[in-house]
Amino acid sequence: VLTMKFILVTGGAGFIGSNFVKTMLYKHPNYKIINVDALTYAGNPENLQAISDNHNYSFIKADIRDRQRMDELFLTCNIDTVVNFAAESHVDRSIEEPEVFLTTNVIGTQVLLDAAKKHWKMNPSDKYSKEYKPGVKFIQVSTDEVYGALGETGMFVETMPLMPNSPYSASKASADLIVRAYHETFGIPVNITRCSNNYGPYQFPEKLIPLMINNCLKEKELPVYGDGMQVRDWLHVSDHCTAIDAVLHKGKDGEVYNIGGNNEKTNIEIVKLIVNTLGKSEDLIKNVKDRPGHDRRYAIDNTKITTQLGWEPAYTFEQGIKETIAWYIENTEWLESIASGDYAREG
Ligand code: NAD
């Protein structure tokens, strides 16, 4: 017997969310996906064109901070699972304008938790009553940036203290804490996933990889922060999606899972790889003033998710970046339709 699920995906018109919605619809034809997105600058309905007439998919334009709408939505759509991607996601913007990061990333998450809580019964004896509804599983999509920066060695493990350094990562860390508290206090079945830097198709060209590909294709300057020796651990977006799928089905309530692809690269390495793959000149690279509070190194220890949930990344970085560059070349129209970023960014 196939189990039906009603999954509320928030922020599903963004980069990772749109990839996730498609992955889930193809992989689980018995699931209904309800995508709620406010369509900020980062939300693009074109990302979802391929599944716009899929009968298991519906889109609702709404803001996760809108308490009444979220409450109605849980009631009318019979939601049993939430995957919360909706967020302001760009570090540079959080330095320029932090407030919306707090309202969306923290308060928005709490509004969703309240809605999930309202539609969930705590007493297990209710299980046998007519009104019983199984718990609304709540998955909070977080980031490795909540751990702060690493030195030359070491890796992030789930038990490390949260030491965020940017308004963005502080807002994500705050959201993680309120999600945890709703589990401890109200018993909501939650999971928090902390993922490293994603790359792949449909990423907004303010982030490092699509920005560099876009600029490189146009032979525009490639602005690199500081010495470009910042280290990030890159994960293909489709591997991130399969990891969330694994957490959704096998994650133990209340647990945090790191998600990483074992692909540590410096920013400058990535930029040079793009330049060389596209056959352009490295003279396009320009070092610009470093971002304030710029974390030097992130690296993910993904032992917990690989050993406990049996997830493995399928992509090597070499294969993933090759396909990603090819995708942006084939989809210049998509790229053109978006107001391009103008600075070195890596998310
Ligand atoms: P994105 O900026 O591409 O997409 C965010 C989406 O959220 C957009 O569609 C936007 O319209 C929507 N949104 C923003 N505010 C909203 C609100 N108030 N109500 C409803 N919708 C709203 O981001 P992304 O790169 O796809 O990231 C998705 C999630 O994954 C975020 O929570 C981010 O913190 C996390 N994450 C991202 C990365 C990465 O490398 N991109 C890494 C780790 C974690």
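Hi everyone, let's start at Val111, which sits in helix 4, residues 99–118. Helices here are DSSP runs of H or I with at least four residues, strands are runs of E with at least two, and both are numbered from the N terminus. Please keep in mind that this is a predicted model: local features need pLDDT of at least 70, side-chain atom pairs count only at pLDDT 80 or more, and totals for chains, interfaces and linings use all residues. Residues are numbered from 1 along each chain as its sequence is written.

So, is Val111 buried or exposed? Val111 is buried, because 20 other C-beta atoms lie within 10 Å. The cut-offs are 20 or more for buried, 12 or fewer for exposed, and partly exposed in between, with C-beta atoms placed from the backbone.

Who does Val111 touch? Leaving out neighbours within four places in sequence, Val111 is in contact with Ile64, Arg65, Arg67 and Met70; contact means C-beta atoms, placed from the backbone, within 7 Å. Gln68 is 43 residues away along the chain, yet its C-alpha atom is 9.3 Å from that of Val111.

Now the whole chain. It has 11 helices and 12 strands, and 48% of its 347 residues count as buried. Of the contacts with a separation of 6 or more, 83% are between residues 24 or more positions apart.

Last, the ligand. There are 31 residues around it, and Gly11, Gly14, Ala42, Gly43 and Ala87 come nearest; the test is a C-beta atom, placed from the backbone, within 6 Å. Helix 4 is one of the elements giving two or more residues to that shell, while helix 1 gives the most, with 3 residues. Thanks, everyone!

Methods: Contact = placed C-beta atoms within 7 Å.
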